[in-house]
Amino acid sequence: MLVPFIGYILFGVCNIWLFSIAIKQIPVAMAFAVWTATTLIFLKIVELAYFHQRISLAEVFFMLLIMVGMVGLKVYAVQQK
């Protein structure tokens, strides 16, 4: 039963490494918003596929609000020189 723990460590290290690359290219707020939203959507897909849970219209609505927020951050971000 060591495999899940090793997977958790490997994915965690990979996640931190990829996030550190992302914040070099885009603003930290945008990178964090995308990271959080991606995690949320991935977990919801796993819940639907693996645990056979249902998704409510409210959950879809609020996940869409998060995505709209990310687009808003990108479109209306103050350009730094």
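Lys 44 and Glu 47 both lie in helix H2, three residues apart, which is about one turn of the helix; helices (H or I, at least four residues) are DSSP runs numbered from the N terminus. The structure is a predicted model, in which local features need pLDDT of at least 70 and side-chain atom pairs count only at pLDDT 80 or more, whereas totals for chains, interfaces and linings use all residues. Residues are numbered from 1 along each chain as its sequence is written, and side-chain values use heavy atoms, with hydrogens and water left out.

The mean pLDDT (the predictor's confidence in each residue, from 0 to 100) of the protein is 85, and 95% of its residues reach 70 or more. Confidence is highest in H1, at 90, and lowest in H2, at a mean of 85.

Two salt bridges were counted, a salt bridge being a side-chain nitrogen of Lys or Arg within 4 Å of a carboxyl oxygen of Asp or Glu. Lys 44, located in helix H2 (residues 28-49), pairs with Glu 47, with the closest N and O atoms 2.7 Å apart. In the salt bridge between Glu 59 and Lys 44, the corresponding separation is 2.9 Å. Glu 59 belongs to helix H3 and Lys 44 to helix H2, so this pair ties together parts that are 15 residues apart in sequence.

With a relative accessible area of 12%, Lys 44 is buried (under 20%; exposed is over 50% and partly exposed in between, with a 1.4 Å probe and protein chains only). Glu 47, at 27% relative accessibility, counts as partly exposed, and Glu 59 is partly exposed at 29%. Not counting residues up to four places away in sequence, Lys 44 is in contact (heavy atoms within 4.5 Å) with Arg 54, Ile 55, Glu 59 and Met 63.

Ile 55 is found in the loop between H2 and helix H3 (57-75) and is partly exposed, at 33% relative accessibility.

Terms used. Helices (H or I, at least four residues) and strands (E, at least two) are DSSP runs, numbered from the N terminus.
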